[in-house]
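Hi there,

Here is the structure I promised to pass on to you. Have a look at it first, and then read my notes below with the model open beside them.

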Amino acid sequence: MTQLFRLIRADVAAIFRNDPAATNLAEVLLYPGLHAILMHRVAHALWKKRVPFVPRFISQWSRFVTGIEIHPGARIGAGFFIDHGMGTVIGETAEIGDRVMLYQGVTLGGTGKQSGKRHPTLEDDVIVGVGASILGAITIAQGARIGGGAVVVKDVPPYSTAIGIPARVVATRDPVTGITRRVEELPDPEGDMLRQLRDRLLELETRIDYLEAHAIDGHQHVPHTFDDSPFHTAVWQQLDESTTDQHIQSLTEEQRRDKSYDDSAL
């Protein structure tokens, strides 16, 4: 029981720490996110004791009252805060560390009907934006941030920011200094290689277009010229003689006699 009250006190402190609109305890006690986590703490304690029906009833009642659905089997650390919370879903095998913050519409769901561990693990100090979906037995490492509307299906490294569908890491943060560095500023050898291949392909396409254009122009407008050097002249004479010999050999015997007669007459 002492542990339960310690967790509840940490949950209330998390609201004051993360929500600038929280000015006094009376208002904080009206937060639906706090109602949901308080009921989950009780349901989870009964779930661990294998009490039938009651944990699920508490979970469904919490969903009806707050719009937040947390399976009683989900394990949630201290200082958990769901801001606004409507539409948030947390699956049975989800594991959430300390000082984690979720905004409304977040889904910590599975990807199929397999048994065992099938929901994500969120380590300490993770922040998940509005409407994000984190699916499958993946790990969102300590200090990571998930952008609003992202669909995360792979592990996210520590102190990084992931956005998009599917989510990809776009920035990293130094946990000591707090300085954020965008991914575009980090070395990317694979990206550099792809850009070089693309540039080379464009260059080759340009050269091919140039050669094809000049080949067509040359065929239509530029007369063929040959080198008159002695070497090239001898080559062309040999080609002419070879062609003449092949032509004569292809004639019929009668055509050969006629040609010989014509030559002698001349």
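At 27% relative accessibility, Asp125 counts as partly exposed. The side chain of Asp125 meets that of Arg99 in a salt bridge, with 2.8 Å from N to O. Asp125 sits in the loop between S8 and strand S9 (127-128), while Arg99 is in the loop between S5 and S6, so this pair ties together parts that lie 26 residues apart in sequence. Arg99 is partly exposed too, at 39% relative accessibility.

Before going on, please keep in mind that this is a predicted model.

How many salt bridges does the structure hold? There are eight. Another of them joins Glu95 to Lys117, and their closest N and O atoms are 3.3 Å apart. This pair links distant parts of the chain: Glu95 belongs to strand S5 (residues 95-96), and Lys117 to the loop between strand S7 (107-109) and strand S8 (121-122), 22 residues apart. Glu95 is partly exposed at a relative accessible area of 25%, and Lys117 is partly exposed at 35%. Through shared partners, salt bridges join Arg75, Glu95 and Lys117 into one network.

Arg63 and Glu69 form a salt bridge as well, at 3.0 Å from N to O. Here Arg63 is partly exposed, with a relative accessible area of 43%, and Glu69 is partly exposed, with 27%.

**The whole protein**

Now step back and look at the overall picture. The protein has seven helices and 16 strands. Of its 266 residues, 30% are buried. Among contacts between residues at least 6 apart in sequence, 29% join residues at least 24 apart.

**Two open sheets**

To find the place, look for Gly109, which stands opposite Leu135 in S10.

The other open sheet to trace has seven strands, in the order S3-S6-S9-S12-S14-S15-S16, and its pairing is mixed. Which strands stand at the edges? They are S3 and strand S16 (180-182); each has a single partner strand, so one side of each is left without a neighbour in the sheet.

S3 and S6 pair in the parallel sense over two bridges, and Phe81 has Met101 in S6 as its bridge partner. By contrast, strand S14 (residues 160-163) and strand S15 (residues 168-173) run antiparallel and are joined by four bridges. Thr161 stands opposite Ala171 in S15. S14 and S15 form a hairpin with four residues between them, and Gly164 in the turn has a positive phi of about 95°.

S15 also pairs with S16 in the antiparallel sense, over three bridges, with Arg173 opposite Thr180 in S16. These two strands make a hairpin with six residues between them, and Gly178 in its turn has a positive phi of about 80°.

**Nonpolar residues, inside and out**

In soluble globular proteins, nonpolar side chains tend to be buried together. In this model, the largest nonpolar core has 37 residues, and those with the most contacts inside it are Ile90, Ile140 and Ile146. Helix H1 (2-18), H3, strand S3 (81-82) and strand S6 (101-102) are the elements that give two or more residues to this core. Leaving aside residues up to four places away in sequence, Ile140 touches Thr121, Leu122, Glu123, Val126, Ile134, Ile146, Val152 and Val156.

There is also a nonpolar patch on the surface, formed by Val51, Phe53, Val54, Phe57, Trp61, Phe64 and Val65, with about 740 Å² of accessible area together. Is Val51 buried or partly exposed? Val51 is partly exposed, with a relative accessible area of 30%. You will find Val51 in the loop between helix H3 (32-48) and helix H4 (54-66).

Happy exploring!

Methods. Residues numbered from 1 in each chain as written. Predicted model: local features only at pLDDT ≥ 70, side-chain atom pairs only at ≥ 80, totals over all residues. Heavy atoms only, no water. Patch = residues over 30% accessible without salt bridge, like charges linked within 9 Å, V, L, I, M, F, W, Y side chains within 5 Å. Areas by Shrake-Rupley, 256 points an atom, 1.4 Å probe, with all protein chains shown as cover. Salt bridge = Lys/Arg side-chain N within 4 Å of Asp/Glu carboxyl O. Buried < 20%, exposed > 50% of the residue type's maximum accessible area, 1.4 Å probe, protein only. Core = buried A, V, L, I, M, F, W, Y, C linked by side-chain atoms within 4.5 Å. Contact = heavy atoms within 4.5 Å. Pairing = 2+ DSSP bridges.
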